[in-house]
Amino acid sequence: EIKVEIINQGKMIPKDKLVELYTVQSLSMSQISKRLGCSVHKVEYWMKQYKIRRRNRSEANYLIYNPSGDPFDIKTDLSVEENYLKGIALGIYWGEGNKRNIHSIRVGNTDPGLILVFTKFLREICRVREEKIRFGLQLFSDVDKRDAINFWITKLNISKQQFMPTISRIQSGKIGTYKSKNIYGVMTVQVNNRKLRDWLNSQLVQISPGSSVVERIHGGSQR
């Protein structure tokens, strides 16, 4: 239920009220107008008068898709073991992560142990909400899908509901050794959140600011 605080159309909206609703509570101008019982135009007018910075489209979209706030809570006070886990996970992301996608974190591999470690990092260090951690599977066309799914469910201790709806198929052919190493497919663990992706990439920049990985993250050489 929306709490309505009536603001007379002829009166000003206090600055501290707008800052609280727009900046702290992250309400949209439309939501604020409903809360205060006034027009959107009035809210916009006082936003300009107080020079309150408007959210850009990317920030506004982020709030639409994350109405309850960030779906993660990065832990900062880490134990020795947790710092070790973070270091291993950064190495995995550095080597195996898809850093071109600006909206998500994606790590794919055939090794259940590698995927398990990175998933543990997402759960325990990034503290991502479990329903936001998704898994995608890529299989050869002649591999039994149920066997592969059951394999990964057991190895990763995840639910079937965490798999993305589409399971990609690779046409089988004369690729011998490669196929034998991928009998249960390539598993990708991902979290669709740009803010978390940007934080993770910033950790790579801190480790090695002049590396080629950093150049790929930023789409060119560092200056």
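Trainee: Why are H2 and H3 called roughly perpendicular to each other?

Mentor: Start with the angle. H2 and helix H3 (residues 40-49) pack at about 110 degrees, with their axes 8 Å apart. Angles of 65 to 115 degrees count as roughly perpendicular, under 35 as roughly parallel, over 145 as roughly antiparallel and the rest as oblique. H2 and H3 are therefore roughly perpendicular. Axes are lines fitted to C-alpha atoms over the stretch in contact, and angles run from 0 to 180 degrees between N-to-C directions. Helices are DSSP runs of H or I with at least four residues, strands are E runs of at least two, and both are numbered from the N terminus.

Trainee: What is this model, and how are residues numbered?

Mentor: It is a predicted model: local features need pLDDT of at least 70, side-chain atom pairs count only at pLDDT 80 or more, and totals for chains, interfaces and linings use all residues. Numbering starts from 1 along each chain as its sequence is written, and side-chain values use heavy atoms, leaving out hydrogens and water.

Trainee: What makes the contact of H2 with H3?

Mentor: Met29, Ser30, Ile32 and Ser33 of H2 meet Val40, Val43, Glu44 and Met47 of H3. Contact here means heavy atoms within 4.5 Å. By class there are 5 nonpolar, 2 polar and 1 charged residues. Ala, Val, Leu, Ile, Met, Phe, Trp, Tyr, Cys and Pro count as nonpolar, Asp, Glu, Lys and Arg as charged, and the others, Gly among them, as polar.

Trainee: Why is H1 called oblique to H2?

Mentor: Helix H1 (residues 15-24) and helix H2 (residues 29-36) pack at about 130 degrees, their axes 10 Å apart. That makes H1 oblique to H2. The crossing of H1 past H2 is right-handed. Lys17, Leu18, Leu21 and Tyr22 in H1 meet Met29, Ile32, Arg35 and Leu36 in H2. Their classes are 6 nonpolar, no polar and 2 charged.

Trainee: How do you know that H6 and H7 are oblique to each other?

Mentor: Helix H6 (residues 112-124) and helix H7 (residues 145-156) pack at about 50 degrees. So H6 and H7 are oblique. Their crossing is right-handed. Pro112, Ile115, Leu116 and Arg123 of H6 touch Phe151, Trp152, Lys155 and Leu156 of H7. This contact holds 6 nonpolar, no polar and 2 charged residues.

Trainee: Which residues lie nearest the centre of the largest pocket?

Mentor: Glu59, Asn61, Tyr62, Leu63 and Ile64, from a lining of 34 residues. Elements giving two or more residues are H2, helix H4 (57-65), strand S4 (186-191) and helix H9 (194-207). H4 gives the most, with 8. The lining divides into 11 nonpolar, 13 polar and 10 charged residues. On a 1 Å grid over the protein atoms alone, with a 1.4 Å probe, a pocket is an open set of points with protein on both sides within 12 Å along at least five of seven lines; lining residues have an atom within 4 Å of a point.

Notes. Left-handed = near helix turned anticlockwise from the far one by under 90°.
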